[in-house]
Amino acid sequence: IALKCTWVLAIPIWYALDLQHRRRSTANVDTPLSAAKQLRMGWHATRASVVCGALILTSSVTWVVSIELTTVSINSAIYQTSVIFAYLLSIPILRERPSASKSLAVVLAFGGTLMIIFSRRSRHEAQQQNTVSGCLWVLLSSLTYALKEVMYPKVLPHAGKSPTPITDSVLVLGLVGAVGSLILAPFLAFINLLGVELFAMPPPRVAANYLVVATLMGAFQVCIFGALALTSPIFVAVGSLLISPLSLVWDVCFNQFIPPPLSLVGIFTIIAGFALVVGADSIDKMLCRRCGPHLRCLFMQRAPRPSALLRSHAIVHSHDSTLPDVHRG
């Protein structure tokens, strides 16, 4: 968990990227961003870093606690429910309209992931036991991770309109590392002072490996934040499940692993779910045209109430009646 605090080193990278963008925008645009707008954007980024940082740390802590209390397969299976939580939380928080195509995509992606997980279940897991507390801890981790994906576009509303979504993601990542450092540093000093757990720096070789892991985790989060700014949480959640098929392909190519038939079915099921999410809007429109009016609520947003349409038409008609005949139409 302390590795996430090293993300604060991304702030200089953000400064360099932002400086380069400002130089280009100043050369192309006569009026740069006002100080008030820059301050407002900085406030949104700070708010996003605090919210996302707290959720990331909570998700990490609860997941680490759950590892020793659950088997690998059960832990992975429960953690993948984040795609379901992301879909359900997007409805009340982001006002995303549920549809049959997106619901089916979530079911396919989640089901395909379960196929891959349980087809690769190791034999020694039979000797391990799953506890109720462990399952609850990993479920809480999954929920907070999904909530992080949903809250990012909520607390950073300008992300989708920003010309530099990746630069904004790097800034949020650096601020998340700063928030983690402010929270974790006093805690580590406190338990070290009490003698509960002494703090010791890792050996240089281990520290180098930790740095590589922290860099990869940071790059992954930047991609996630950038994708959330450009797409939607449900798209990102389903797309993240493609990690399972890609890891399976890696094992086949480099570890001479022969996947069981259930894993192959799971791969194609996840790909089908992702393809369904990509074409969800087009599929919903096509189904809306083919289905009757009583089924359109499953695929498209509700139309305005007839009474509202009649009132608006009456208002327009009353305004038109006061105009000369030459101006009508």
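The largest nonpolar core of this predicted model comprises 25 residues, and Tyr152, Leu156, Val172, Val176, Phe225 and Leu228 have the most contacts inside it. A nonpolar core is here a set of buried Ala, Val, Leu, Ile, Met, Phe, Trp, Tyr and Cys residues joined through side-chain atoms within 4.5 Å. Two or more residues of this core come from each of α1 (10-28), α2 (35-67), α6 (132-155), α7 (165-194) and α8 (204-230), with α7 giving the largest share, six residues. A second, separate core has 18 residues, among them Ala105, Ile234, Leu248 and Ile267.

**Basis of the values**

- Because the model is predicted, local features need pLDDT of at least 70 and side-chain atom pairs count only at pLDDT 80 or more, while totals for chains, interfaces and linings use all residues.
- Residues are numbered from 1 along each chain as its sequence is written, and side-chain values use heavy atoms, with hydrogens and water left out.

**Overall architecture**

- The protein chain has 13 helices and zero strands; helices (H or I, at least four residues) and strands (E, at least two) are DSSP runs numbered from the N terminus.
- Of the 329 residues in the protein chain, 35% are buried; buried means under 20% relative accessible area, exposed means over 50%, and partly exposed lies in between (1.4 Å probe, protein chains only).
- Among contacts in the protein chain with a separation of 6 or more, 84% are between residues 24 or more positions apart, a contact being heavy atoms within 4.5 Å.
- The accessible surface of the protein chain is about 19900 Å², and carbon and sulfur atoms account for 69% of it; accessible areas come from the Shrake-Rupley method with a 1.4 Å probe, and for residues only the protein chains shown count as cover.

- Tyr152 is part of helix α6 and counts as buried because its relative accessibility is 0%.
- Leaving aside neighbours within four places in sequence, Tyr152 is in contact with Cys52, Ala159, Asp168, Ser169, Val172, Phe225, Leu228 and Ala229.
- The C-alpha atoms of Tyr152 and Ser49 are 8.7 Å apart in space, although the two residues are 103 residues apart in sequence.
- In soluble globular proteins, nonpolar side chains tend to be buried together.

- Val50 lies in helix α2 and is partly exposed, because its relative accessible area is 44%.
- A C-alpha separation of 6.5 Å is found between Val50 and Val179, which are 129 residues apart along the chain.

**Cysteines**

- The structure contains zero disulfides, a disulfide being a pair of cysteine sulfur atoms within 2.5 Å.
- Cys52 is buried at a relative accessible area of 0%, whereas Cys253 is exposed at 52%.

**Nonpolar surface patch**

- Ile1, Val61, Trp63, Val64, Val65, Ile67, Trp137, Leu140 and Leu143 form a nonpolar patch on the surface, and their accessible area together is about 700 Å².
- Patches are made of residues with over 30% relative accessible area and no salt bridge, with like charges joined within 9 Å and nonpolar side chains (Val, Leu, Ile, Met, Phe, Trp, Tyr) within 5 Å; a salt bridge is a side-chain nitrogen of Lys or Arg within 4 Å of a carboxyl oxygen of Asp or Glu.
- The elements giving two or more residues to the nonpolar patch are α2 and α6, and α2 gives the most, five residues.
- Trp137 belongs to helix α6 and is partly exposed, with a relative accessible area of 37%.
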